[in-house]
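This report works through a single protein model, from ring interactions to the arrangement of helices and strands. Please keep the sequence and the coordinates at hand while reading.

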Amino acid sequence: MTTKVEERTFEDAVQWLRDHGFDLIEAPGTQGRVFLRKYNVSAAIQKDGDEAVKIFAYPGYLIGGEISKLINRGYQQVLKTSKIEVAATADHLKSLQQFSEEMKEALALPSLYNESLGTVSEAYQYDRIKDRDKPAAERPKRPWERVIAAGKKKTRA
């Protein structure tokens, strides 16, 4: 059975956000774009067409006044800005997840199962995949490749 999803206008979404404790800042020099802030997490939404709303900048934890990007390195999630990279803590991830869920509710977006389980990264950079698109001669040696090469014994002929 299909359910009809409630659609919110830009003005309705902005009012919902204000009513639920979000700090809103009008973007300078643009019409119909607003930066949201809560739990030290920020995002931006903008008017799409006449009344619709869309996400302009996805949620990121604020570091030094800049919205960070969550990157999953396989062994650790990090928050990256243009100047710094910080290991993401449980508090960072909890704030990001709470902000994202509340923002989805404000914009009347669906809350997907895999996203509601925890924080979803914008990028995934696993160390074993990095540089695989380069020719073999240009790839840096991996730690396990260096050990094998050093451990080879010479045979007597």
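## Aromatic rings and a charge

One aromatic pair is found when the whole structure is searched, where the rings of Phe, Tyr and Trp (its six-membered ring) pair if their centres lie within 6.5 Å, with planes under 30 degrees apart counted as stacked, over 60 as edge-to-face and the rest as tilted. The ring of Phe56 has the charged end of Arg33 over it, 3.5 Å from the ring centre; the criterion asks that NZ of Lys or CZ of Arg be within 6 Å of the ring centre and within 35 degrees of the ring normal.

## Basis of the values

The model is predicted, and local features need pLDDT of at least 70, side-chain atom pairs count only at pLDDT 80 or more, and totals for chains, interfaces and linings use all residues. Residues are numbered from 1 along each chain as its sequence is written, and side-chain values use heavy atoms, with hydrogens and water left out.

## Overall composition

The protein has four helices and nine strands, which are DSSP runs numbered from the N terminus (helices H or I, at least four residues; strands E, at least two). Their order from the N terminus is α-β-β-β-β-β-β-β-β-α-α-β-α.

Of the 157 residues, 35% count as buried, that is, under 20% relative accessible area with a 1.4 Å probe and protein chains only. Among the contacts (heavy atoms within 4.5 Å) with a separation of 6 or more, 40% are between residues 24 or more positions apart.

Five strands form an open sheet in the order β1-β2-β3-β4-β5, with antiparallel pairing, and its edge strands, each pairing on one side only, are β1 (23-26) and β5 (66-67). Pairing requires that DSSP find at least two bridges between two strands; β3 (residues 41-48) and β4 (residues 52-63) are joined by seven bridges, and Val41 has Tyr61 as its bridge partner in β4.

Helix α1 (residues 10-19) lies across β1, β2 (33-38), β3 and β4, at about 155 degrees to β3, whereas helix α2 (residues 90-107) lies across β2, β3 and β4, at about 165 degrees to β4. These angles run from 0 to 180 degrees between N-to-C directions, with axes fitted as lines to C-alpha atoms, for helices over the stretch in contact.

## Leu70

Leu70 belongs to strand β6 (residues 69-72), and Leu70 counts as buried because its relative accessibility is 5%. Between Leu70 and Glu85, 15 residues apart in sequence, the C-alpha to C-alpha distance is 9.8 Å.

Technical notes: Buried means under 20% relative accessible area, exposed over 50%, partly exposed in between (1.4 Å probe, protein chains only).
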